[in-house]
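Open the model in your viewer and keep the selection tool at hand. The stops below say what to select next and what is there.

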Amino acid sequence: MRPRFALALGPLVALVPLAGCPLLEIEADVPEICLTYPNLRVDAPAAAGALHQQFTFADLSAVQDLASHDASVRFVRAQLRLTSGPTDLSFLQAARLVVASGDPATTLPPLTMYDCAGDCAPAGDIIDIPAASDGDAIDYLRSGSIVVDLELAGAIPAGTWTMDVDVCMAAHAGYAVQP
């Protein structure tokens, strides 16, 4: 008869060769996840050549799981979609989005993440703007909120109108369970 002590140690001894190797390792690529700021109100009292808007993504719950794991996140594109007012964005000649941390104590610099000038190609009431930089977004997501400065140039129509703004990112995340 084998002692119970030996029976209890058997499974533990079997794990010794696994030291340093994870029991479970998962890696995933997220091709695109977007934060949407809906119905950004634009007040242009007179036709203008430029417009500046600022808004904050205070709720980052859609991307908090990425920020809490070992992940790399990069900005990939922004999209502007008219929701009221002008019927198309053909007036747009340039667009620029600068992303900053919403934490007033941060040392993170503002990043020009999306920029088109002269090569903007709106498709009706939508424009997709590719990322101007391949900067890592993870520290901005971990800061708790993201402030976006949006600058538009062209024959900006007068009046009050709205648009949705998407700030889109791609991510690579990994998770491992060690013995």
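Select A100 and then V147: A100 stands opposite V147, which lies in β7. The model is a predicted one, in which local features need pLDDT of at least 70, side-chain atom pairs count only at pLDDT 80 or more, and totals for chains, interfaces and linings use all residues. Residues are numbered from 1 along each chain as its sequence is written, and side-chain values use heavy atoms, with hydrogens and water left out.

Two strands count as paired if DSSP finds at least two bridges between them. Strands are DSSP runs of E with at least two residues, helices are runs of H or I with at least four, and both are numbered from the N terminus.

Next, show the cysteines. How many disulfides does a search of the whole structure find? The search finds two, a disulfide being a pair of cysteine sulfur atoms within 2.5 Å.

- Select C34 and C168, which are joined with S to S 2.1 Å. C34 is in strand β1 (residues 24–44) and C168 in strand β8 (residues 159–177), 134 residues apart. The torsion about their S-S bond is about 105°, so this disulfide is right-handed. C34 is partly exposed at 26% relative accessible area, whereas C168 is buried at 0%.
- Select C116 and C120, joined with S to S 1.9 Å. Their S-S torsion is about 95°, so this disulfide is right-handed. C116 is buried at 6%, and C120 is buried at 15%.

Buried means under 20% relative accessible area, exposed over 50%, and partly exposed in between (1.4 Å probe, protein chains only). With bonded cysteines counted along the chain, the disulfide pattern is 1-4, 2-3.

Finally, select the whole protein chain. It has three helices and eight strands, running α-β-β-α-β-β-β-β-α-β-β from the N terminus. Of its 179 residues, 36% are buried.
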